[in-house]
Amino acid sequence: MYTIITVVILSIISAVQAHMQLTYPPPFQASNNPYTTGPADPYLQYPFDCCGPGDRWDYPCRGYLKLLGTPAGRSVAKWPAGSVQAWNMSGIGNHYGGSCQVGFSVDNGTTFQVATSYEGNCPHRDAGNDAAGQNFDFTVPADMPTGSVVFAWTWFNREQEFNMNCAAVTITAPKAMINGGYNVGSPTAAAIEPVSSESSGHATADNYTDLWPFPRRGRSSLQFKRAGTMFPKISFRHGLKHGVRPAHVHKRALSSSIPYAQRPGMLVADAGNGCLTPHTTAEVKYPHPGPDVVLGDGEYPLELPTPADKCGY
């Protein structure tokens, strides 16, 4: 009886602490990063102030910016400026959503500026914990400096927990536009299998050559082009009803005229800095989301972190 009770308690604790981590691009010291040296970090999916040596990790990037310039900090992806790329995450518990941001640092982690903000349903609450169901796309700012930069992913769940993973990537010169849109990249790495629309039933950046948002009658809709065939416009709800799940719904166009240098910094909250995200009842609305915003499914309301003076607005 004691053993059974102990197992149940440990299972509950594990579920409470279950979290997600960036999978592609492979973050610093991850098990799927081909350049990881020594033991991989088993705690990448846990939030700030939880788990691991000292029960704490350092902001930013869990202290792994020290790997930049070393073999373990080599670039794991090449992305043309202005291109649409994809990232994904995986773990042992998606906490039924939250809000995420992705962005870059061009000064070795001194500052981080937003590329895209995902307000709600990040991770996808109904898509499980595997990378195959947790694909997201975003646009690399068109005027990003070329060369090695730091890609950052942050996540706030509804339990006032903050997670952050980072990866070294290389920004290359822009590629020519195709049919008015940049080529879509795929989350591919040695340890990550490409997602198949046939197996997942999801419409993701892996499966389509070009992906654009098309507002229609006040609702967001998506139009896909694949293998020379133009799929009809589908609304988000229509897609879910008929088994096609768009990666997300864009509030604004993917391409933006706002220069990278003028983009806001990424939000830091729930990290002992006095800024707290909504607890339980809402998902994060970013005070400074940047020009590319992805709205969730509306299952929870969006609320700003508080207080304003501690959260940078």
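Predicted model: local features only at pLDDT ≥ 70, side-chain atom pairs only at ≥ 80, totals over all residues.
The torsion about the S-S bond of C61 and C166 is about -75°, so this disulfide, a pair of cysteine sulfur atoms within 2.5 Å, is left-handed. The pair links distant parts of the chain, 105 residues apart: C61 is in the loop between β1 (20-24) and β2 (78-80), and C166 is in strand β8 (residues 162-172). Strands here are DSSP runs of E with at least two residues, numbered from the N terminus. Both C61 and C166 are buried, meaning under 20% relative accessible area with a 1.4 Å probe, protein chains only.

Residues are numbered from 1 along each chain as its sequence is written, and side-chain values use heavy atoms, with hydrogens and water left out.

A search of the whole structure finds three disulfides. Another joins C100 to C122, with S to S at 2.1 Å. C100 lies in strand β4 and C122 in the loop between β5 and β6 (135-139), so the pair ties together parts that are 22 residues apart in sequence.

Let us turn to β4. Seven of the seven residues of this strand (residues 99-105) are buried, so it is largely enclosed by the rest of the structure. Strand β4 pairs with β7 (residues 147-156) in the antiparallel sense over seven bridges, where pairing requires that DSSP finds at least two bridges. In β7, W155 is the bridge partner of C100.

Finally, C275 and C311 are joined by a disulfide, and both are buried.

Methods. Buried < 20%, exposed > 50% of the residue type's maximum accessible area, 1.4 Å probe, protein only. Helix = DSSP H or I, 4+ residues; strand = E, 2+ residues; numbered from the N terminus.
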